[in-house]
Amino acid sequence: MINVYIADDEVWIILGLKKLLDKLNIDARVVGTANNGLTAKEEIARFKPDVVFADIRMPGLSGLELLQEIPDVSPDSKVVIISGYAEFAYAQEAVQHHAYDYLLKPIKEEELSRVMTAILNDQSEDGAGNEDGEGAYDFDNKLIDNVISDIREHYMEDISLTSLSSKYNISMGHLSKMIKENLKVNFSDYIASLRIQRAKELLRDDSMSIQEIAEIVGYNDYFYFTKVFKKIEGISPSKYRKSI
């Protein structure tokens, strides 16, 4: 049984999430709801739910503020941030640092199913880990090896934490943590370093324009590519080309 708490200031989101949870073939129950972050914090401290769905924008405490408070009142609760497109970047940042996962509004049944399945798998792994820590450690090692190989093979494509977590049936929060622990950098920085390294190799070929190179390594936006390149190398792609 997964105990669920929902915090969102829009009633229709709470009702919709409840209906979607009922449709899933998963043993879950909603133990409480709130339309503001302060009430949510108090009730989460009392109910100690397995998972909290929190809107990124709420009165009292925002979802991100609640995210920082929950470890103090219910350390075992996993927090899934709910956001609209406008807050997408903030939700991604939350996942990289603290949150278990995030869902984009309007919430889709398949995305909710992915998150809940990942939570169930984590619970199963925790149980297995208590019985056989070495087996769980080996499983994680094999998983991260596969993920890193996947990244290195497809880093110039449209690869994301979302697609990888779905492929390997693991939460984005847990996957992000494993990548950072193994590589000592976060997912986005690792992708950027691979792409810029490849771009440096391609810049030796004068027959290719910088725009073409940007697109080859995975950046459709020339100006963003230049910004990332300069952040990593300290100079622009054009200056780098001249230097070699």
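A: In this predicted model, Gly37, Ala40, Lys41, Ile44 and Ala45 of helix 2 meet Leu66, Glu69, Ile70 and Val73 of helix 3. Sorted by class, the contact of helix 2 with helix 3 comprises six nonpolar residues, one polar residue and two charged residues.

Two packed helices are described by the angle between their axes and the distance between the axes. Here, the axes of helix 2 (residues 37-47) and helix 3 (residues 63-73) come within 9 Å and cross at roughly 20 degrees. Angles under 35 degrees count as roughly parallel, and helix 2 and helix 3 are therefore roughly parallel to each other. The crossing in which helix 2 passes helix 3 is right-handed.

Although lysine 48 is not a glycine, its phi is positive, at about 50 degrees. With a relative accessibility of 43%, lysine 48 counts as partly exposed. Lysine 184 is also not a glycine and has a positive phi, of about 70 degrees. Lysine 184 lies in the loop between helix 8 (172-183) and helix 9 (187-202), and at 66% relative accessibility it counts as exposed. Another backbone feature is the peptide bond from lysine 105 to proline 106, which is cis, with omega near -10 degrees. Proline 106 belongs to the loop between strand 5 (101-104) and helix 5 (109-131). For context, most residues other than glycine have a negative phi, and most peptide bonds are trans.

The aromatic rings remain to be described. With a limit of 6.5 Å between ring centres, the count comes to six aromatic pairs. One of them is formed by tyrosine 219 and phenylalanine 225, a tilted pair with 5.8 Å from centre to centre and 40 degrees between the planes. Tyrosine 219 and phenylalanine 225 are both buried. Phenylalanine 229 and tyrosine 240 form an edge-to-face pair, at 5.7 Å centre to centre and with 65 degrees between the planes. This pair links distant parts of the chain, since phenylalanine 229 is in helix 11 (residues 222-233) and tyrosine 240 in helix 12 (residues 237-243), 11 residues apart. Phenylalanine 229 is buried, its relative accessible area being 0%, and tyrosine 240 is buried at 13%. Tyr219, Tyr224, Phe225, Phe229 and Tyr240 form one aromatic cluster.

Methods. Residues are numbered from 1 along each chain as its sequence is written. This is a predicted model: local features need pLDDT of at least 70, side-chain atom pairs count only at pLDDT 80 or more; totals for chains, interfaces and linings use all residues. Side-chain values use heavy atoms; hydrogens and water are left out. Axes are lines fitted to C-alpha atoms, for helices over the stretch in contact, and angles run from 0 to 180 degrees between N-to-C directions. Helices (H or I, at least four residues) and strands (E, at least two) are DSSP runs, numbered from the N terminus. Angles under 35 degrees count as roughly parallel, over 145 as roughly antiparallel, 65 to 115 as roughly perpendicular and the rest as oblique. A crossing is left-handed if the near helix is turned anticlockwise from the far one by less than a right angle, and right-handed if clockwise. Contact means heavy atoms within 4.5 Å. Ala, Val, Leu, Ile, Met, Phe, Trp, Tyr, Cys and Pro count as nonpolar, Asp, Glu, Lys and Arg as charged, and the others, Gly among them, as polar. Rings of Phe, Tyr and Trp (its six-membered ring) pair if their centres lie within 6.5 Å; planes under 30 degrees apart count as stacked, over 60 as edge-to-face and the rest as tilted. Buried means under 20% relative accessible area, exposed over 50%, partly exposed in between (1.4 Å probe, protein chains only).
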